[in-house]
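Biologist: I'm new to this one. Can you put it up and walk me through it?

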Protein chains: 4
Amino acid sequence: MKDVVLRLFAERGVDIEEIGRIVYELQRPYSDSISLEQCIESVLRVIEKREAQHAIITGIALDMLAEQNALPEPLNSIVRRDEPLYGVDEVLALAVTNIYGSVGLTSFGYLDKLKLGLIGRLNDKEKGKVNTFLDDLVAGVAAAAAARIAHQRVGDAVDNGVAGSGSSGGVAGRGGSGREGASPSASPSPSASPQVREAASG
Amino acid sequence: MKDVVLRLFAERGVDIEEIGRIVYELQRPYSDSISLEQCIESVLRVIEKREAQHAIITGIALDMLAEQNALPEPLNSIVRRDEPLYGVDEVLALAVTNIYGSVGLTSFGYLDKLKLGLIGRLNDKEKGKVNTFLDDLVAGVAAAAAARIAHQRVGDAVDNGVAGSGSSGGVAGRGGSGREGASPSASPSPSASPQVREAASG
Amino acid sequence: MKDVVLRLFAERGVDIEEIGRIVYELQRPYSDSISLEQCIESVLRVIEKREAQHAIITGIALDMLAEQNALPEPLNSIVRRDEPLYGVDEVLALAVTNIYGSVGLTSFGYLDKLKLGLIGRLNDKEKGKVNTFLDDLVAGVAAAAAARIAHQRVGDAVDNGVAGSGSSGGVAGRGGSGREGASPSASPSPSASPQVREAASG
Amino acid sequence: MKDVVLRLFAERGVDIEEIGRIVYELQRPYSDSISLEQCIESVLRVIEKREAQHAIITGIALDMLAEQNALPEPLNSIVRRDEPLYGVDEVLALAVTNIYGSVGLTSFGYLDKLKLGLIGRLNDKEKGKVNTFLDDLVAGVAAAAAARIAHQRVGDAVDNGVAGSGSSGGVAGRGGSGREGASPSASPSPSASPQVREAASG
């Protein structure tokens, strides 16, 4: 099923590395040592989750059917014009974000509002393309991947007996302007293998 | 109960008019005719909802008890330092936002990330004040009030036989950069009384 | 749009009165004076909500497309066999239930598990029919309609200066076995018109 | 933190094995080979999750403070009498259930309505005890643990090249009356160690 998601993303113009770059932008303020590779790996872990896969293949199917005018009306028109009060796209995206808990909600809304990078490009309405669900789903995946990294970082710290200080969170949306005076970048132990990290939060 | 919420907000430094101003900033890009008064009225309608009231009095109680070091540990420390992975504050705020549907999710995340105006001030950690729940709750109330206005605007348009065009939505997070080329400001019928408007979405 | 929902329900074998009867079963333990008419009216109010309408027309479209084998694979097979871990059907139904707050969650799960009446009939897999989304959506509508009645009942009581006693709630899932020793049936003022009631919870 | 949760559960009269037994009742219809030990282990895995821990310690703190009349009014009275429309208890419990996706929603509502075993005992109002949050939280933990097992079972089947047939789900709330004619009990490979199983769904 993960391969299906990767194929659909490729067909619809979504590059996993680009999602990884969004995650990197979200997480960099909280950690000097974070790498783009870690962010891409986190995106891949999110789309291994069944809950994410089901939401993604359903949303992309609705986009594609609307593009072909194959949905019943009035749904077809609503999806085609990305009607602001439709809401079902946000509901599916939220199901993805929720996989790593409520801390991803803030990042999701932020990304969905500002339409950064890839997400904004998907949201552009051109050439008969319909990405009503896709832009929200990508925001949901990026928010989940960022939340996953934040959970791991604290998990590592706890495991290493370093923290529980709360300064190492790195969840987008808190202390973004450096008010806390903490040094969040000190926390992750870069030597920990992904497997070990995953174990900490599994 | 509404009076309890208003009193608690006042005691904790939250001015309803300031929340209204945040709603106004969220909605202005979608409507030339929106007024600050409408936004303040929408905030007041949100806090008349039982679901919002319960979340607000619970969250503020937790803030106040943490301030007095009256919560059991380790909860007291977690709430005092607004631990990024705590998550319960976002969960309560989301219950408020959800009252007017999933379309408020985006605004909530945006506000919670950027900490605009009052929300940022509440998030500042100074003088032993604990506003771990309050800043999120205010973002949740503002997002719900903005979603309520967006629903009403489309409701009005539909009632007046104008729309169904989807161009009049004004939900924060869509078409924010004017990509749609629509003129969202034409929609609301300013003469409709609040009561009539409410009926349309009741 | 409400007419679209009513037409789709009729085409798919869902009778509004049958949903009303489920609501009646949920609410009767909490009120002697509740009538089937009130329950049907509450169902109709739920499906006037835009959030409910969007979820319903989306879910039914997915059912119909799966029935015609018109969804892309593997989604088509997943929806056709109502795969237990699919989850998107519950997510859409929950968006309906949430309209009247978290108190409807319990009723939704209860109905979705026990598959009472109409909901069980829809869940039966026969004759190539696909009701993967529809049975959950009907449970979501019934749970929302019951929650709406419970909110109104307490609203009335508060307005009439009777309550705040908490004994008049009638939310499915609490005190169902009469443990509380309260007399929940005493609360609603049957003379209040639906309009007045709505105003109390609007 | 897990130790804190275990200690709080013990202090409040919640036995992990009893929660395991509820999970067992939920899952037995879908699998002959499930053991009580697996169910207890699944409960323990749920309470290792930070999201669950935070919801649990917050809810129990509110119960305890209400018991001591240490919450501000009117919150203290609302929590003490387990007011049916309060809703915050369901919101916290849902945050726990959501950890393993939307498929746990149905079990949560079912348990919360029927108040099986331990959950019903906690809901009994006697001797000044306040378990307003605790009964919902236990239902949320049990629903999450059952969803986790259902996800693993299908995960195993997929890994072993057996399934993708959907007959092996075992999520409470579907096909409970055997309508599907499937033999869901054939799926899990009992020899797989918990570690291997976890890896499949991690």
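Biologist: Start with α7(B). Which residue follows that helix, and what is its phi like?
Modeller: B:Lys115 follows α7(B). Its phi is positive, near 50 degrees. Keep in mind that this is a predicted model.

Biologist: Which ones are they, the buried residues of α7(B)?
Modeller: B:Gly104, B:Leu105, B:Thr106, B:Ser107 and B:Phe108 are among them.

Biologist: Is A:Asp82 buried or exposed?
Modeller: Buried, because its relative accessible area is 2% and the cut-off for buried is under 20%.

Biologist: What does chain C show at C:Asp82?
Modeller: Phi of C:Asp82 is near 50 degrees, again positive in a residue other than glycine. C:Asp82 sits in the loop between α5 (75-80) and α6 of chain C. It is buried, with a relative accessible area of 2%.

Biologist: New topic, peptide bonds. Cis or trans between B:Glu73 and B:Pro74?
Modeller: Cis, with omega about 5 degrees. B:Pro74 is in the loop between α4 and α5 (75-80) of chain B.

Biologist: And in chain D, from D:Glu73 to D:Pro74, cis or trans?
Modeller: Cis there too, with omega near 5 degrees. D:Pro74 lies in the loop between α4 and α5 (75-80) of chain D.

Biologist: Let's zoom out to chain A. How many helices and strands?
Modeller: 10 helices and zero strands. Of the 202 residues of chain A, 63% count as buried.

Biologist: Pick a residue in chain A. Where is A:Val43?
Modeller: A:Val43 is in helix α3 (residues 36-46) of chain A. It is buried, with a relative accessible area of 0%.

Biologist: What does A:Val43 touch?
Modeller: Leave out residues up to four places away in sequence. Then A:Val43 touches A:Ile16, A:Ile19, A:Gly20, A:Val23, A:Val141 and A:Ala145. A:Ile149 is 106 residues away from A:Val43 in sequence, but their C-alpha atoms are 9.9 Å apart.

Biologist: Over to chain D. Where does D:Leu134 lie?
Modeller: In helix α9 (residues 132-159) of chain D. D:Leu134 is buried, with a relative accessible area of 0%.

Biologist: What is D:Leu134 in contact with?
Modeller: Leaving aside neighbours within four places in sequence, D:Leu134 meets D:Phe9, D:Arg12, D:Val14, D:Ile60, D:Asp63 and D:Leu122.

Biologist: Now helix packing. At what angle do α1 and α4 of chain B cross?
Modeller: At roughly 35 degrees, and their axes come within 10 Å. The crossing of α1(B) and α4(B) is left-handed.

Biologist: Which residues meet there, between α1(B) and α4(B)?
Modeller: B:Lys2, B:Val4, B:Val5, B:Leu8 and B:Phe9 come from α1(B). They meet B:Gln53, B:Ile56, B:Ile57, B:Ile60 and B:Met64 of α4(B). By class, the residues of this contact are eight nonpolar, one polar and one charged.

Biologist: Which residues are closest to the centre of the largest cavity?
Modeller: Of the 36 residues that line it, the closest to the centre are A:Leu94, A:Asn98, B:Asn98, C:Asn98 and D:Asn98.

Biologist: What kinds of residues make up the lining of the largest cavity?
Modeller: 20 nonpolar, 12 polar and four charged. Helix α6 (88-97) of chain A supplies at least two residues of that lining, and so does α6 (88-97) in each of chains B, C and D.

Definitions and conventions: Residues are numbered from 1 along each chain as its sequence is written. Chains are lettered from A and ligands numbered from 1 in the order in which they are written. This is a predicted model: local features need pLDDT of at least 70, side-chain atom pairs count only at pLDDT 80 or more; totals for chains, interfaces and linings use all residues. Side-chain values use heavy atoms; hydrogens and water are left out. On a 1 Å grid over the protein atoms alone, a cavity is a set of points where a 1.4 Å probe fits but cannot get out, and a pocket is an open set with protein on both sides within 12 Å along at least five of seven lines; lining residues have an atom within 4 Å of a point. Helices (H or I, at least four residues) and strands (E, at least two) are DSSP runs, numbered from the N terminus. Ala, Val, Leu, Ile, Met, Phe, Trp, Tyr, Cys and Pro count as nonpolar, Asp, Glu, Lys and Arg as charged, and the others, Gly among them, as polar. Axes are lines fitted to C-alpha atoms, for helices over the stretch in contact, and angles run from 0 to 180 degrees between N-to-C directions. A crossing is left-handed if the near helix is turned anticlockwise from the far one by less than a right angle, and right-handed if clockwise. Contact means heavy atoms within 4.5 Å. Buried means under 20% relative accessible area, exposed over 50%, partly exposed in between (1.4 Å probe, protein chains only).
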